[in-house]
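Please have the sequence and the 3D view open as you read.

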Amino acid sequence: MEIDPWSSAQSTDYEGIIARFGLNRMEGLDLPNPTRLHRRGIVFAHRDLEGVLDAQRKGEPFGVLTGLMPSGRMHLGHSMVIDQVRWFQEHGGDVTIAVADLESQATRGVGLKEGRRIALEQYIANYAALGLDPERTNVYFQSSRPIVQRLGFQLGRRTNLSEFEAIYGFKGETNLAHVQAPLVQAGDILHPQTDEYGGLRPIVVPVGVDQDPHLRLTRGLASKTNWFNLKTGKNAGLTVALSVQESNAAAFGQQPDGRVDRGVRQAVFDRIVERLSALGFSDLRPNPKHGTVDVPSASKRDLASVRLALLGLEREIGGMGLMPPSSTYHHFAVGLDGDKMSSSRPDSTLFLGDEPAKVAKKIKRAFSGGQPTVEEHRRLGGDPDRDVAFQYMAYFFEEDDAVLADLAESYRAGRLLAGEMKQACLERAEVWLGELAERRDETAHLVETFLAPDAR
Ligand code: TRP
């Protein structure tokens, strides 16, 4: 199994994806005011979300980064990410949005000017209408933020074509612009934590699961640059270990002849001890010879704060101090025809700008989980899990869990017919899209204010 972020054909074997790529399930996380996407298991997995939730709870800073590919029109499926961004924003996160104009040019042939127009008219206009706060949202373009491209280049040293082949299935004939896109995306994901763009803090990236290859890559790249590794002990405790590499040999007292300058090494250890003592640990066991510091009284729950302290120290002594990003993943909404939702097949989805007449037509033709005849439907009942109209209410249009459960139950029991399910969806869709259109008019004047200074 491989995930191809550029293909519209995506696996929906979410269990398989969790197992194969080591994602974590959302179960057991304590989310404040969960959104409908959380409550209904549509946001189904994450990496390292604990650290972000922890920052949320303590009122400490954390950032949210996501990106959009400016090609085609914004459809319902795209709005799921924004629902999550808004939730993080309402719980204290600062938001950065990457317009992937370089990627769109590289992989879809969309020029930068055209990319900008699409991003503003199709996406940012709807983000404003969907309720993102312009005061706490910064939109930038990949093409006009040098640090993003610089990071991409620098991190390129930490990977190679074999890894790209393993992650993305790239081959000899793969276009090199395609090879650059993931490195630029790594730059997107990591740059908000640089001192210039908000400083060291956890960053969460809410995405569809098709983007996980980029997160795997980016997390690996960030870890490889880290000067300190952290290991959890078998039973308890944490161990900090120096990761001596070309870029930090001098700072760590590793001399070209292989010998260690004890004075320099000791000074590094003094600073580690100083940092960790400030977190309240009093049982530190530094072992400069082995290059480790044991913290016996630390537990898994201290991992995030210890990591943050060490990354801060790394920055002070000359390293990049990059924290691997956290992420959340959502299921894809099915297309109206029961197949994949994709902007390249206009009848497979509702666009946020679709006219009511068009919406009605599309929903009436949607794939249904009902039985072929009314008689059979009454007798056997329908399947809401395969019914697109029902799915769209679950994903987008019906906030009330009880109403939704009621619809599902009536359908299964055969009391509610397929046509009636579609009618229920259609009524809600028209209201939802109608209100969105109104808000788009009301917030049109705000679009500019979402743009970061380098995007104006
Ligand atoms: N590759 C993403 C897409 O195809 C767009 C994107 C660019 C992105 N940079 C990002 C998404 C950073 C999340 C985080 O839609």
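Helix H15 (residues 388-397) packs against helix H17 (residues 418-443) at an angle of about 30 degrees, and their axes lie 8 Å apart. Axes here are lines fitted to C-alpha atoms, for helices over the stretch in contact, and angles run from 0 to 180 degrees between N-to-C directions. Helices (H or I, at least four residues) and strands (E, at least two) are DSSP runs, numbered from the N terminus. This is a predicted model, where local features need pLDDT of at least 70, side-chain atom pairs count only at pLDDT 80 or more, and totals for chains, interfaces and linings use all residues. Residues are numbered from 1 along each chain as its sequence is written, and side-chain values use heavy atoms, with hydrogens and water left out.

H17 also packs with helix H13 (residues 356-364), and the table sets out the two pairs.

| Helix pair | Angle | Axis separation |
|---|---|---|
| H15 and H17 | about 30 degrees | 8 Å |
| H13 and H17 | about 150 degrees | 10 Å |

H15 and H17 are therefore roughly parallel to each other, whereas H13 and H17 are roughly antiparallel. For these words, angles under 35 degrees count as roughly parallel, over 145 as roughly antiparallel, 65 to 115 as roughly perpendicular and the rest as oblique. The crossing of H15 and H17 is left-handed, while that of H13 and H17 is right-handed. A crossing is left-handed if the near helix is turned anticlockwise from the far one by less than a right angle, and right-handed if clockwise.

Which residues of H15 meet H17? They are Ala 389, Phe 390, Tyr 392, Met 393, Phe 396 and Phe 397, and their counterparts in H17 include Met 421, Arg 428 and Trp 432. Contact means heavy atoms within 4.5 Å. By class, this contact of H15 with H17 has 11 nonpolar, no polar and two charged residues. Ala, Val, Leu, Ile, Met, Phe, Trp, Tyr, Cys and Pro count as nonpolar, Asp, Glu, Lys and Arg as charged, and the others, Gly among them, as polar.

On H13, the residues that meet H17 are Pro 356, Val 359, Ala 360, Ile 363 and Lys 364. The contact of H13 with H17 divides into eight nonpolar, no polar and three charged residues.

Now to the sheets. Seven strands make an open sheet in the order E1-E2-E11-E6-E3-E4-E5, with mixed pairing (two strands pair if DSSP finds at least two bridges between them). Strand E1 (24-25) and strand E5 (137-141) stand at the edges, each with a single partner strand, so one side of each has no neighbour in the sheet. Helix H10 (residues 212-225) packs on this sheet and touches strand E2 (43-47), E6 and E11.

Within this sheet, strand E6 (residues 203-208) has six of its six residues buried (under 20% relative accessible area; exposed is over 50%, partly exposed in between, with a 1.4 Å probe and protein chains only). Ile 203, Val 205 and Val 207 are on one side of E6, and Val 204, Pro 206 and Gly 208 on the other. E6 runs parallel to strand E11 (residues 326-330), joined by five bridges. Val 204 has Ser 326 as its bridge partner in E11.

The order E7-E8-E10-E9 describes an open sheet of four strands with antiparallel pairing. Its edge strands are strand E7 (228-232) and strand E9 (285-287).
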